Amino acid sequence: MKDLSSLYAFLVVGGLLSITPGPNMIYVISRSITQGRRAGLTSLGGVVVGYLFYMFGAAFGITAFFKTQPHAAQILSACGAVYMGWLGWNAIRPGGRSPLEIHEQLPREHAGKLFAMGATTSLLNPKLALIFLTLLPQFIDETQGRVLEQSLFYGGLLIAMFAGVNAGMAIFSGSMANFLARKPAWLLAQRVLMGITLLALSAEMAIQAMG
């Protein structure tokens with residue numbers, strides 16, 4: 001496994017991605033605002049099912065890819081650069097929206113359905129597959145072997161960050177939404193900072209792919 005500097009870099013990038021708006025975050029926040037914290041956390045439980053599915057799928061797929069493709073790292077870096085650039089642009093583009101800017105009200109549902117809907121939302125989110133498939137290889141040292149072990153280690157960290165941020169959103173989204181509704185400049189600053197950071201990451205990954 002790579003040194004501590006790589007681990008710290010992964011934590012920074014993973015933390016940034018964990019606060020990037022996406023269908024899962026928006027669904028969890030919507031449920032919390034509409035039906036309360038418990039509903040949001042129940043929905044998050046279902047969302048984690050999707051995280052685990054894509055983590056294991058990506059881990060085994062990455063392992064096979066490294067074994068069969070001599071330039072696997074460069075190929076995946078190029079894919080990651082494109083995807084991170086797309087995320088960055090969507091954060092700063094005109095008309096972009098924060099996940100806390102939620103206006104629609106969802107119908108109230110029982111716990112079993114909330115869990116199932118959370119899992120469905122997560123499993124039908126192809127962005128998760130792209131995140132796991134393009135981010136994890138950037139931090140795997142294939143020269144040391146144990147690619148599957150490294151993939152599961154970094155994938156587990158990523159799930160922990162995603163789940164932690166979404167749990168915080170489920171617990172505090174109601175008060176945060178009310179606060180930020182009175183501070184639109186803060187929402188804009190958050191989106192711009194996130195977008196610029198993701199674009200910088202995209203450029204770095206593109207350089208790695210060409211190296």
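Which side chains meet in a salt bridge at 3.1 Å, N to O? They are those of arginine 146 and glutamate 149.

## About the model

This is a predicted model, in which local features need pLDDT of at least 70, side-chain atom pairs count only at pLDDT 80 or more, and totals for chains, interfaces and linings use all residues. Residues are numbered from 1 along each chain as its sequence is written, and side-chain values use heavy atoms, with hydrogens and water left out.

## Salt bridges

The structure holds two salt bridges. The term means a side-chain nitrogen of Lys or Arg within 4 Å of a carboxyl oxygen of Asp or Glu. Side chains of opposite charge can pair when their charged atoms come close.

Take the pair from the opening question. Arginine 146 has 43% relative accessibility, so this residue counts as partly exposed. Glutamate 149, at 44%, also counts as partly exposed. Here, buried means under 20% relative accessible area, exposed means over 50%, and partly exposed lies in between (1.4 Å probe, protein chains only).

Another salt bridge joins the side chains of glutamate 109 and lysine 113, at 3.6 Å, N to O. Lysine 113 is partly exposed because its relative accessibility is 37%.

## Helix H5

Helices are DSSP runs (H or I, at least four residues), numbered from the N terminus. Helix H5 covers residues 111–123. The expected span is 1.5 Å times one less than the number of residues.

Which residues of H5 are buried? They are Leu114, Gly118, Ala119 and Ser122. They cover an arc of only 130° around the axis, so they lie on the same side of H5. The arc is taken from the directions from the helix axis to the C-beta atoms.

## The nonpolar core

The largest nonpolar core has 30 residues. Such a core is a set of buried Ala, Val, Leu, Ile, Met, Phe, Trp, Tyr and Cys residues joined through side-chain atoms within 4.5 Å. Phe10, Leu17 and Phe132 are among those with the most contacts inside the largest core. Helices H1 (4–18), H3 (37–68), H6 (126–135), H7 (147–181) and H8 each supply at least two of its residues. H7 gives the most, with eight.

## A patch on the surface

Trp89, Ile92, Leu188, Val192, Ile196 and Leu199 form a nonpolar patch on the surface. Together they have about 520 Å² of accessible area, by the Shrake-Rupley method with a 1.4 Å probe. Patch residues have over 30% relative accessible area and no salt bridge, and nonpolar side chains are joined within 5 Å.

Helices H4 (72–92) and H8 (184–210) each supply at least two patch residues. H8 gives the most, with four. Isoleucine 196 is in H8.

Technical notes: Patches are made of residues with over 30% relative accessible area and no salt bridge: like charges are joined within 9 Å, nonpolar side chains (Val, Leu, Ile, Met, Phe, Trp, Tyr) within 5 Å.
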